[in-house]
Amino acid sequence: MPENEERASFSGKVGFVLAASASAVGLGNLWRFPYLTSHYGGGIFVIVYIILAVTFGFSLLIAETALGRKTGKSCISAFGELCSKYKWIGVLAALVPILIVPYYCVIGGWVTKWFAESAMGGLSTLASSGYWVSFVTGGETGDMSDPTAWFLIFALLCVVCVAVGVERGIERLSKILMPLLLFMIIGITIYEFTLPNIWDGVVFYLNPDISKLNAGTFMGAISQIFYSMSLAMGIMITYGSYMKKSVSIEKSARNVGVIDTGVAFLAGLMIIPAAFAYDHPDAQSIGLMFTALPDVFATMPGGEIVAPVFYLLVLFAAMTSAVSLLETVVSVFVDLKAIKRKKSILISIALILVLGMMSVLGFGPLATDIPLLDGGAGWLGIFDTITNNFMMPIVALLTCIFIGYVIKVTVITDEVKADGNAFVSERLFEVMIKYICPVFLALMLIVAVTITFGIYSPY
Ligand code: PHE
């Protein structure tokens, strides 16, 4: 959002929900949720995810939004405004998007490539066996120019959006395109139900297998909630600062949570059974979305048209999220270093290029086998793990302690009630923020550390 814009500038009730949903719904729902669900055993992960979303996700979303609206500041200053000693929590939160944006652009590049290829009649290429792996690794020749080029194209699209300041335009567009994406996901899923061998996948997705439940399931689910709902990185604080006092924070948070979780659930239902139907050996890999769906489109009547339209809508959803991330990064440098926006955009571009190229080349010449959690994805996996499994739980934990014990919960609950209505889930919120979230997040950090150092292996 342009820095000189007045605060409280979201229009009425839907403004916040629209902008926050546009940020929340993205590759997290379509790319990350399905492969994590596959990885953590299907239905059991889905149930744990939904339970954590309505408790943790919902509470943290309310907390961050209220923090933003109360202070009228973006994340860097919001903590300091309420207690100057704790400004550094905001700084830590602001570091998260800096590490996410570059690799987000890499995956956004894959979506752009899948759109362009399917639009140019290359659906059968995308559906050919091993195509995604050969694309990201440069194939037999190891030529990385293709994944590099698509990463740069996606990054450029995002940088131009932020530099030109058309965020408002794309937010308005997303009002039409997001429901369209949802309809397409539902339509594609209905078509898939007519395919042979689809039901094994549906059962895997919907029927929880308790024997697969372990500490890793919870760790995977909570990391996914942060990522998918754009939490623990200051974004919702900034969005809250643009929210009018008359709007209900509780209802808005509920709407955003339901939209984000709903899209993730449907995306999983569309992607995971498809992988079963076409017998994909790499169903747990980060390439799941890119390998399973082209097979479906290739057999679908009219698939040559459905595929590019679908990928275009995914591209749009990814861009709205990436732009919200990038905008945060740019404003972080402006806030922190008191530099001009232009210079800040240049610094952001440099970071995207360096860290993004590490992620691209991590599948080729820069391959590394640092054993990090779900690893196996080179630098991209390392950035993903560091942010989602370590930094975000730390930021969320600190936010809870800050609200629960430094400024006290009533500061936030009073803000939630500032619209004049009751805070229906006030009790749940208090208990979550003061007790359950901090304990659970501390445990999750311990789990992440023990898995990373090979002390505990849940798999
Ligand atoms: N929530 C977005 C998604 O699901 C990703 C994102 C993370 C966007 C953080 C903004 C901030 O894709």
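**Notebook: core, ligand shell and a helix crossing**

I began with Cys-105 and looked up its contacts, leaving out residues up to four places away in sequence, and I found that it touches Phe-151, Phe-154, Ala-155, Cys-158, Ala-322, Ile-352 and Gly-356. I note here that I am working with a predicted model.

Next I turned to the largest nonpolar core, which has 165 residues, and I asked which of them touch the most other members. Cys-105 is one of these, and it is joined by Val-101, Cys-158, Ile-271, Ala-322, Val-395 and Ala-396. I then looked up where the core residues come from, and the largest share, 19 residues, is supplied by helix H15, which runs over residues 303–337.

I went on to the ligand, which has 16 residues around it, and I wrote down that Gly-26, Leu-27, Gly-28, Ser-230 and Ser-321 come nearest. Helices that each give at least two residues to this shell are H1 (12–24), H2 (27–39), H5 (87–119), H11 (215–228) and H15. When I sorted the shell by class, I counted eight nonpolar and eight polar residues, and no charged ones.

Last, I looked up how helix H3 (residues 43–71) lies against helix H19 (residues 426–452): their axes come within 10 Å and cross at roughly 105°. Angles of 65 to 115 degrees count as roughly perpendicular, and so I describe H3 as roughly perpendicular to H19. On the H3 side the contact is made by Thr-55, Phe-56, Ser-59, Ile-62 and Ala-63, and on the H19 side by Phe-429, Met-432, Ile-433 and Cys-437. Of the residues in this contact between H3 and H19, seven are nonpolar, two are polar and none is charged.

Notes
Residues numbered from 1 in each chain as written. Predicted model: local features only at pLDDT ≥ 70, side-chain atom pairs only at ≥ 80, totals over all residues. Core = buried A, V, L, I, M, F, W, Y, C linked by C-beta atoms within 7 Å. Buried ≥ 20, exposed ≤ 12 C-beta atoms within 10 Å, placed from the backbone. Helix = DSSP H or I, 4+ residues; strand = E, 2+ residues; numbered from the N terminus. Contact = placed C-beta atoms within 7 Å. Near = placed C-beta within 6 Å. Nonpolar A, V, L, I, M, F, W, Y, C, P; charged D, E, K, R; others polar. Axes fitted to C-alpha atoms, helices over the stretch in contact; angles between N-to-C directions. Parallel < 35°, antiparallel > 145°, perpendicular 65-115°, else oblique.
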